[in-house]
Protein chains: 2
Amino acid sequence: MKVENTQVQMRKGIIEYCVLHIISRGEVYASDMLEELTSAKIMVVEGTLYPLLTRLRKAGLVDYKWVESKSGPPRKYYTLTDSGGSFLKKLEVTWNELIESTSNILNKSSKTNNLADPS
Amino acid sequence: MKVENTQVQMRKGIIEYCVLHIISRGEVYASDMLEELTSAKIMVVEGTLYPLLTRLRKAGLVDYKWVESKSGPPRKYYTLTDSGGSFLKKLEVTWNELIESTSNILNKSSKTNNLADPS
DNA sequence: AGATAGTACTTGGCTTTACAAGGTACTTAT
DNA sequence: ATAAGTACCTTGTAAAGCCAAGTACTATCT
């Protein structure tokens with residue numbers, strides 16, 4: 001079992017949450033999102049983002065419109081739908097609960113170990 | 001697309017992290033973990049936990065010993081191995097980074113909403 | 001003794017999804 | 001025309017949670 005594998009698992013779902021949140025802030029297209037996610041150190045690649053955006057659109061959570069570009073092919077600019085907005089709210093609740101639940105577990109550290117030994 | 005589905009995705013990986021942490025605090029068996037995870041509001045079912053424990057053992061991250069019980073069949077009491085300990089340390093780093101990265105995204109909220117009120 | 005209930009652990013099949021790799025389509029520069 | 005750059009899409013693979021059914025052991029009831 002590799003650490004990388006678990007790290008991938010940890011990111012799952014969170015990526016969807018972050019993408020919805022980015023779209024909720026205003027119209028963006030895929031490369032915008034990629035840049036923002038990457039600069040926030042949440043690594044995402046095209047092969048992950050595009051299928052995700054397609055899923056979100058099919059589910060009616062986001063919508064898009066084509067916009068001509070002066071430097072290349074047209075772009076899909078995404079916006080959040082109403083149902084996407086309520087979906088995002090639910091995810092926010094879930095995320096906050098998950099953070100709290102996890103810290104409940106983590107803060108119960110006991111006598112037996114000293115895993116945070118910095119040496 | 002259902003909210004439950006995304007919520008499941010969010011939990012992935014985090015469950016593994018929590019289970020390793022619980023084991024790191026001392027010997028426990030599966031029902032102990034189930035109870036603790038459930039009371040921390042991280043819902044886990046047997047069909048998730050047992051395969052996870054098997055994976056962790058095969059990966060050498062945890063070990064177990066059979067212990068007789070007075071009220072039923074014997075139990076597998078789990079302990080963390082050395083390599084499980086260093087694995088857990090790496091996951092702690094990953095988890096903290098992920099929290100921070102996510103909050104970087106979320107705190108960029110724009111004029112339109114105030115969903116992540118920081119007060 | 002046999003049947004039933006409770007506890008603990010296991011397994012097979014299903015579904016979802018991140019990721020890699022390769023592909024299509026449009027625009028601009030040479 | 002050809003090349004380069006940008007943007008979006010698709011197919012195949014592997015991983016993992018979940019559901020449901022199953023196995024095995026113990027204690028209790030009839």
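α5(A) and α1(B) count as roughly parallel to each other, because the angle between them is under 35 degrees. Helices here are DSSP runs of H or I with at least four residues, strands are runs of E with at least two, and both are numbered from the N terminus. This is a predicted model, in which local features need pLDDT of at least 70 and side-chain atom pairs count only at pLDDT 80 or more, while totals for chains, interfaces and linings use all residues. Residues are numbered from 1 along each chain as its sequence is written, and chains are lettered from A and ligands numbered from 1 in the order in which they are written.

The axes of α5(A), residues 82–106, and α1(B) cross at roughly 30 degrees and come within 10 Å. The crossing of α5(A) and α1(B) is right-handed, the near helix being turned clockwise from the far one by less than a right angle. From α5(A), the contact takes F87(A), K90(A), L91(A), T94(A), W95(A) and L98(A); α1(B) brings V3(B), T6(B), Q7(B), M10(B) and R11(B). By type, the residues of this contact are six nonpolar, three polar and two charged.

The chains as a whole also meet: 44 residues of chain A are in contact with 46 residues of chain B (C-beta atoms, placed from the backbone, within 7 Å). On the side of chain B that touches chain A, α1 (3–11), α2 (14–24) and α5 (82–106) each supply at least two residues. α5(B) gives the largest share of that side, 16 residues. That side of chain B holds 20 nonpolar, 16 polar and 10 charged residues.

α1 of chain B also supplies at least two residues of the surface near DNA strand D, as do α2 and α4 of chain B and, in chain A, α1 (3–11), α3 (30–39), α4 (46–58) and β2 (75–80). DNA strand D is surrounded by 32 residues, the closest being A30(A), R75(A), K76(A), G47(B) and T48(B) (near: C-beta atom, placed from the backbone, within 6 Å). The largest share of this surface, six residues, comes from α4(B). Its residues divide into 12 nonpolar, 11 polar and nine charged.

R57(B) lies in α4 of chain B, residues 46–58. R57(B) counts as partly exposed because it has 16 C-beta neighbours inside 10 Å (buried is 20 or more, exposed 12 or fewer). Leaving out residues up to four places away in sequence, R57(B) touches V62(B), D63(B) and Y64(B).

Technical notes
Two residues are in contact if their C-beta atoms, placed from the backbone, lie within 7 Å. Ala, Val, Leu, Ile, Met, Phe, Trp, Tyr, Cys and Pro count as nonpolar, Asp, Glu, Lys and Arg as charged, and the others, Gly among them, as polar. Axes are lines fitted to C-alpha atoms, for helices over the stretch in contact, and angles run from 0 to 180 degrees between N-to-C directions. Angles under 35 degrees count as roughly parallel, over 145 as roughly antiparallel, 65 to 115 as roughly perpendicular and the rest as oblique.
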